[in-house]
Amino acid sequence: MAKTDFNNRFVGLKEESSYGTKATGTYTFGEVDDESIRHQFDLLNRDDMSRYGAAKSVNGKEYSEGEFNLALLNDDFTGFMIAGLMGTDTVSGSSPKVHTFTEAGTLTSYTFLVGRQEQEHFYTGGVVNSMSVSASLNEYATIGFGVMAQAEDNANLAVVGTTTPSFPDTLPALYFSNAKVFFNGNGTASDAVRSISFDINLNRDGDNACGLGSTTYIRAPPIQRREISGTIEFNRVLTTTTNGAPSYDDLIDEDGEEFAGSGVELKVQFGDDSTADLLTFNFYKIRFEAPEANVSGRDTQTLSVGFTALFSPDDSKMMDIVMKNSQATSYTA
C-alpha cells in the first residue's frame, strides 16, 4: 500500500440548507480514527403458498448508519458534531472564544463526506444520534459519535482525489494528564478517579422519519427520550467523602446516593481553566447505581460505580458543554 493511499481516507461534514439537500462548498474535516457509516436496507421476502421457499424480494427501508471515533480535540469538526447533539451554541469571550452548547434549538443536519481510498461517499440528511466520551489513566481521551443519514445515492459517489481535505494539525489531542472530575459542586477535583466514561443518546426514531412514497428518511429522525449514563472507576475504595466524591458508605445507603440541587453536580473537564484548549461537560443531577469493590488475588482494590444523569428541575436542564477554542462563529449559526 502506497503512503498516498492514506491521503484518501477522511471524514468531513457540512451543514445542509434543508434536510436531505446535499451540501456544496468547503467541508470541515476531522482527525477521525475510524468510521463505520454504511448504506443499509431491510430486505423484504415474499412467501406464497405455491412454492416451498420465498421466490420474490424487494428492498424495504433504506438508510445509512454508523459511528465516527476520534481522539478528543477542540477542533471545528468536534464543535459541529456536538452542536448536532445539543442544538444551541452561544459564543462569548474574546481570546479564546467560549462556546456554550445547551439542549435547545433545532438540531442541524449535515452532509457527511467519507473518503475511502478509491471513492468519495456523500451521505445526505446526516444527524447525530449519540455521543460517547471516555478518559482513562495513561491513555488519550476519546470521543465517538453515532450518526444516522439517508440512504446513500450512487449518484453522489465521486472519484477519489476530487476533494483535498485539510486538518487542524496545530491542535493537540486531550489526554489523561489534563482531565479532571469534580463532584457535588466541589471546587477541587478528585484525585481518586482512575477512569470515566459516559454516553449521551437521543434515541432518534428512524421508523417515523419515513413516509409513503419514499424508501428512505424524508425528515430528520425525531428525537425521543434523551438518556445519559456512565461509569466512574476510582483507584481506591473511598470510605469517606473526599473532595465531594461519593463514598462507599453513601453509595450503599438505604436511599442510595444522589447529587441534586442548583448548580453543577458532576463536572468532567479536559484541559486547564487558564488555557485556550478546554472542553467541559457539566451535569446537573446525578443518581448513582450500586458500587462494585470486589478483590481478586493480589490486584489492587478499586471502586467502580455507574451513574445516570437526570433532568434537574432546579436548573431546567440535564447538561451543557463548554468548549474553548479560536473559532469566533457559532457552530449552530
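Let's start with Asp 320, which forms a salt bridge with Lys 317, with 2.8 Å between the closest N and O atoms. By salt bridge I mean a side-chain nitrogen of Lys or Arg within 4 Å of a carboxyl oxygen of Asp or Glu. Asp 320 is buried, at 4% relative accessible area, while Lys 317 is partly exposed, at 23%. Buried here is under 20% relative accessible area, exposed is over 50%, and partly exposed is in between, with a 1.4 Å probe and protein chains only.

A quick word on what we're looking at, friends. This is a predicted model, where local features need pLDDT of at least 70 and side-chain atom pairs count only at pLDDT 80 or more, while totals for chains, interfaces and linings use all residues. Residues are numbered from 1 along each chain as its sequence is written, and side-chain values use heavy atoms, leaving out hydrogens and water.

Back to the charges: the structure holds 8 salt bridges. Which residue does Arg 236 pair with? The partner is Asp 191, and their closest N and O atoms are 3.1 Å apart. Arg 236 sits in the loop between β14 (227-234) and α2 (248-251), and Asp 191 in the loop between β12 (179-183) and β13, so this pair ties together parts that are 45 residues apart in sequence. Those labels are DSSP runs numbered from the N terminus: helices are H or I with at least four residues, strands E with at least two. Arg 236 is partly exposed at 34%, and Asp 191 is exposed at 53%.

Glu 227 and Arg 225 also meet in a salt bridge, at 2.5 Å from N to O. Glu 227 is partly exposed, at 31%, whereas Arg 225 is exposed, at 59%. And Arg 46, Asp 48 and Arg 51 are linked in a salt-bridge network.

Now, the nonpolar side. A nonpolar core is a set of buried Ala, Val, Leu, Ile, Met, Phe, Trp, Tyr and Cys residues joined through side-chain atoms within 4.5 Å. The largest one has 62 residues, and Met 131, Phe 234, Phe 281 and Phe 283 touch the most other members. Helix α1 (residues 76-86) gives the most to this core, with 7 residues. A second, separate core of 7 residues includes Phe 10, Phe 29, Leu 113 and Phe 122.

Last stop: is Ser 195 buried or exposed? Ser 195 is buried, at 15%, and belongs to strand β13 (residues 193-201). Leaving out residues up to four places away in sequence, Ser 195 touches Ala 135, Ser 136, Thr 231, Ile 232 and Glu 233, where contact means heavy atoms within 4.5 Å.
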